[in-house]
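Colleague: Can you go through this model with me? I'd like to start with helix packing.

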Amino acid sequence: MFTVGLFLLVGFCACRRGGNKNANVNGSGSSSSAATDPEQMKRQAQTLVDEGKELYKNDQDERAAEVLKQAIGQDPNNAEAHLRLGMAYAALERKPEAEDSYKKAIELYKKKIQSDPKDADAYFYLGEAQSFLHQDEEAARNYRQATRLEPDDEEAFYQLGISETRLAHYPEALTAFKKALELNPDDYRATDAIENAQEGSNRIKEGKKHAENMLKKQQANENANADANANSNSSARPAPRHSPRKPTAND
């Protein structure tokens with residue numbers, strides 16, 4: 001249940017950030033124009049992406065998927081369009097298509113990072129796509145890089161905490177969530193996440209303590225058995241030696 005909650009939070013957060021930041025905006029344009037200029041087609045594609053995001057946020061997932069596919073038709077290299085399409089497919093429970101879209105988004109965001117290693121948004125969205133595919137180690141690494149490039153990015157810290165929680169890296173998760181809350185004291189998500197991460201940390205501590213106690217008991221039992229065997233061997237009477245049989249007259 002907790003894992004499902006985390007998944008839903010990740011999807012919600014991607015929408016939130018998408019409303020505030022735009023990884024691929026190149027300007028504005030009309031989606032109905034029959035333009036052939038590559039730059040204008042990119043602008044039109046981004047307009048469609050923005051429309052798809054709004055439809056997704058309003059739970060119009062089928063329509064969002066259609067609009068986002070149109071965006072990809074205008075600009076196949078729009079990484080955000082593939083990411084958002086994956087989210088729409090996931091909401092429609094079309095898992096194979098969602099995975100394909102996420103994988104394509106990962107490929108394109110990696111290319112963006114290669115061309116601009118300081119693109120914090122590219123690292124963030126790469127982490128998003130990887131997180132949706134449960135590639136949590138990779139997602140955490142990219143969220144962390146996003147926070148290095150933009151130390152005031154609350155969303156990147158929050159998502160880093162989510163990935164670290166999934167990995168059961170509770171101390172790291174707590175650090176990330178607390179930083180997110182520091183950047184935005186009104187973020188109830190971070191407050192709840194801190195409580196969950198703290199509970200996870202406590203469970204790990206209790207588990208370690210229980211394992212240590214069991215190991216001590218096992219060692220004590222082994223030592224007691226060894227002592228008992230030693231005492232038993234030392235007090236045992238040696239077997240009597242039989243004297244050679246005396247010869248008889250018949251011998």
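Colleague: Is the crossing of helix 2 and helix 4 left-handed or right-handed?

Modeller: The crossing of helix 2 and helix 4 is left-handed, where left-handed means that the near helix is turned anticlockwise from the far one by less than a right angle, and right-handed means clockwise. Helices here are DSSP runs (H or I, at least four residues), numbered from the N terminus.

Colleague: At what angle do helix 2 and helix 4 pack?

Modeller: About 25°, with the axes of helix 2 (residues 38–57) and helix 4 (residues 79–91) 10 Å apart. Therefore helix 2 counts as roughly parallel to helix 4, the cut-off for that being under 35 degrees. Axes are lines fitted to C-alpha atoms over the stretch in contact, and angles run from 0 to 180 degrees between N-to-C directions.

Colleague: Which residues make the contact?

Modeller: Q46, V49, K53 and Y56 of helix 2, and E80, A81, R84, M87, A88 and A91 of helix 4. Contact means heavy atoms within 4.5 Å.

Colleague: Fine. What is the mean pLDDT?

Modeller: It is 83, and 73% of the residues reach 70 or more; pLDDT is the predictor's confidence in each residue, from 0 to 100. Over residues 1–9 the pLDDT is below 50, and that stretch has 9 contacts beyond near neighbours in sequence. Residues 19–34 are also below 50, with 34 such contacts. This is a predicted model, so local features need pLDDT of at least 70 and side-chain atom pairs 80 or more, while totals for chains, interfaces and linings use all residues. Residues are numbered from 1 along each chain as its sequence is written, and side-chain values use heavy atoms, leaving out hydrogens and water.

Colleague: Loops next. What is the phi of E93?

Modeller: Positive, about 60°, although E93 is not a glycine. Most residues other than glycine have a negative phi. E93 sits in the loop between helix 4 and helix 5 (95–115), and its relative accessibility of 74% is why it counts as exposed (over 50%; buried is under 20%, and partly exposed is in between, with a 1.4 Å probe and protein chains only).

Colleague: And where is H134?

Modeller: In the loop between helix 6 (120–132) and helix 7 (136–149).

Colleague: Is A193 buried or exposed?

Modeller: Buried, at 7% relative accessibility. A193 is in helix 10 (residues 188–235) and touches Y158 and F177, not counting residues up to four places away in sequence. A193 and I162 are 31 residues apart in sequence and 7.9 Å apart, C-alpha to C-alpha.

Terms used. Helix = DSSP H or I, 4+ residues; strand = E, 2+ residues; numbered from the N terminus. Parallel < 35°, antiparallel > 145°, perpendicular 65-115°, else oblique.
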